[in-house]
Amino acid sequence: MNERSSASCFFLHVFERGKMIHKFEKNGLKIVLDVESGSVFTVDDLMYELLGEEGVVDEKQIEDLLEKHQEYTREMVDESLEEIQALTDEDLLYTENDASKTNPFDTRGRDVKALCLHVSHDCNLRCEYCFAGQGDFHGQRLLMTPETGKKAIDFVVKQSGNRRNIEIDFFGGEPLMNLDAVKEIYAYAKSIEEESGKEFHFTLTTNGVLLNDQNRAWLDEHMDNMVLSLDGREEVNDRMRKTVNGKGSYRVIKDDILKMAKMRDGKKDYYVRGTFTGNNLDFSEDVKFLANEGFRSISVEPVVAQDGCGYEIKEEDLDFVKDQYDKLAIDYLKRGSDENHPDFNFFHFNLNLDGGPCVYKRLSGCGAGADYLAVTPEGELYPCHQFVGNPDFLLGNLDEGIVNPEVRESFKEANLVNKVDCSSCWVKYFCGGGCHANAWNFNHDLQKPYHTACEMERCRVENGIMIYIKESEEA
Amino acid sequence: MKHIKMIKKGSLKQTANKGCGECQTSCQSACKTSCTVGNQKCKQAQ
C-alpha cells in the first residue's frame, strides 16, 4: 500500500464511524479531547494539524501541510498516522459509544431521589436579580410547616424505589427563617433511615443574614454541604444583594459567612456561591477577592436573567467573559504559591477526569423534573427551584403525587440523546446538556440549550482540562 | 509515542454498564443554575 492510499484508508475508516474529537490551544499547550471515551492528550504541532474534529485530515491537506511546513517530513506524518491508528484501535481516539442511542432514564431508572424543599418562601434580603421574586416566588410569603416537610420525606422514600442515596436540599427564600422546621424535618428523615433503607444527604443554601454561633454549630454538624451566598467585592455584592431597607448586605453577612466556611474547611463540603451579571463582567476579580478573603471553595455563576432586564449577560459580552475565565485559570495555577495566590477550589475548573460519572449520568444531565423535584411550602411539586411559581410547570402535590405526567415526561426526554444542538457539541459529556431552566427562559424549548451558557461552559471546560494537565505535569 | 502524549486514558465507554442513579441528580451542590455533571463523583467509585 503506498503512502497516499494508507492515509486515505484511515481517513475513510474514522469517518465511517462518525467520531468526534475536540482540539484546542490553551496556555501554551495543544490539547486533544476524545469526546466519546473522555481521553485527554497533548500533541505536537504536526499531530495538531493532522487531527481533524471528525477524522484525520485528507491526503490533499497532508500534501499541503508538507509543502507549507518544510520542517515536517513524510516519515513524521506516517509515524503520526500510526500513532493515531494505534489509539483508535484501542478506543481511545475517535471512539464510538453506542450508549448515546439509549434514553438514559431507561437505564438509570425513573424514580424521584432528590428534593429541593422550599422551607421558606420569604427572604430577609431583596436581591435585585432574584429569580424567586425576592423570596416569595411571586406568591404569598409562606413558611413550610414541619408536617409538610415530613410528608415530603415520606414522598421521596416511597418514590425512590431501590435508590439508597437521597438528597434533600433546604432552600428558599431564606431557609434560616424557618430553621426550627429544618431541624424537625432533618430529625424525622434521620429517624426513618434504617427502616426505609435510605441514606439522606442534606444541603442548605443561605444568604447568611441569620447565621450566628449557635445555628452555625448545628448546621456544621448536620449539613453535608452548605451553599453560602456572597457575590464578591463589597461594591459588587451590594449592587445586587440588598437588605429590606435597600442598603448593601456585604457588611451584614460577610463575616458570618466566612466563619461558617472556616468551620468546614478541610472537613465538610461548602461553597461560597456568587453571581456575576452584566454589571460585573470582570468577575475573575470577585473570585480572587473571595479567595483572598479566606474562602477555599468558590463557585461564581453567570446570572440567569431575561433579555432586556439591564444586567443580563449579552452575546456581545462573551469574548470578555471568556477572557475572564482564561485569566482566572492562569491565576488559579499559581494558587498556594504565595500570599497573593491562596489555595482554593473553583467549582467550574474542578473537572473529575479521574473517576467522574458514568456515561448515562452524563447523557441525562440535570435530573430536574425526572429524579429531582422542588417542593413549595404548600406541598406543590415543580421540576426544580427555577420553575417554582410557573403554573405551566406544576407537576402535582404531596397528597396526590404527580398529576401532570406529560410535563414530567418532557423533562425526561430533554437529554443528550434527543437534544439536536448537543449531538455535535464536544462538551456535552461535561455539561450534560445544560440547565433546563436556561433552555426554557431563553428558548421556550427544553430541548434547545441556551447558547450563551454553552459558550461559557465550553470555555470553562477547556480551562479545567488545561489546569488538570498542568497539575498532572507538576505532580 | 512521539507525537501524542496520553494525559488521561478515557473510560467513558467502560461505564456503559453502570447507570445506577445513586449519584447527585442536579446542580444543587454549588451552582444552582448551570448544570455541570463532569465534576461530579460516581457513587459506585466512592
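Me: When do two strands count as paired, and how many bridges join β12(A) to β13(A) in this predicted model?

Reply: Two strands pair if DSSP finds at least two bridges between them. In this predicted model, β12(A) and strand β13 (residues 380-382) of chain A are joined by 2 bridges and run antiparallel. A:Ala374 stands opposite A:Tyr382 there.

Me: In which sense does β4(A) pair with β12(A)?

Reply: The sense is parallel, over 4 bridges, with β4 covering residues 114-121 of chain A. One bridge has A:Ala114 as the partner of A:Tyr372 in β12(A).

Me: Which way do the residues of β12(A) point?

Reply: A:Tyr372 and A:Ala374 point one way from the strand, A:Leu373 and A:Val375 the other. All four are buried.

Me: Now helices. Which residues of α4(A) are buried?

Reply: General idea: an α-helix has 3.6 residues a turn, so residues three or four places apart point the same way. In α4(A), the buried residues include A:Val77, A:Ser80, A:Leu81, A:Ile84, A:Leu87 and A:Thr88.

Me: What does α4(A) span, and what follows?

Reply: Helix α4 (residues 74-89) of chain A has 16 residues and reaches 22 Å from first C-alpha to last, close to the 22 Å expected. A:Asp91 follows, with a positive phi near 60°.

Me: Where is pLDDT below 50 in chain A?

Reply: Chain A has a mean pLDDT of 92, and 94% of its residues reach 70 or more. Over residues 1-17, though, pLDDT is below 50. That stretch has 31 contacts in the model beyond near neighbours in sequence. Where pLDDT is low, the predicted coordinates should not be read in detail.

Notes: Residues numbered from 1 in each chain as written. Chains lettered and ligands numbered in written order. Predicted model: local features only at pLDDT ≥ 70, side-chain atom pairs only at ≥ 80, totals over all residues. Heavy atoms only, no water. Buried < 20%, exposed > 50% of the residue type's maximum accessible area, 1.4 Å probe, protein only. pLDDT = per-residue confidence, 0-100. Contact = heavy atoms within 4.5 Å. Expected span 1.5 Å × (residues − 1).
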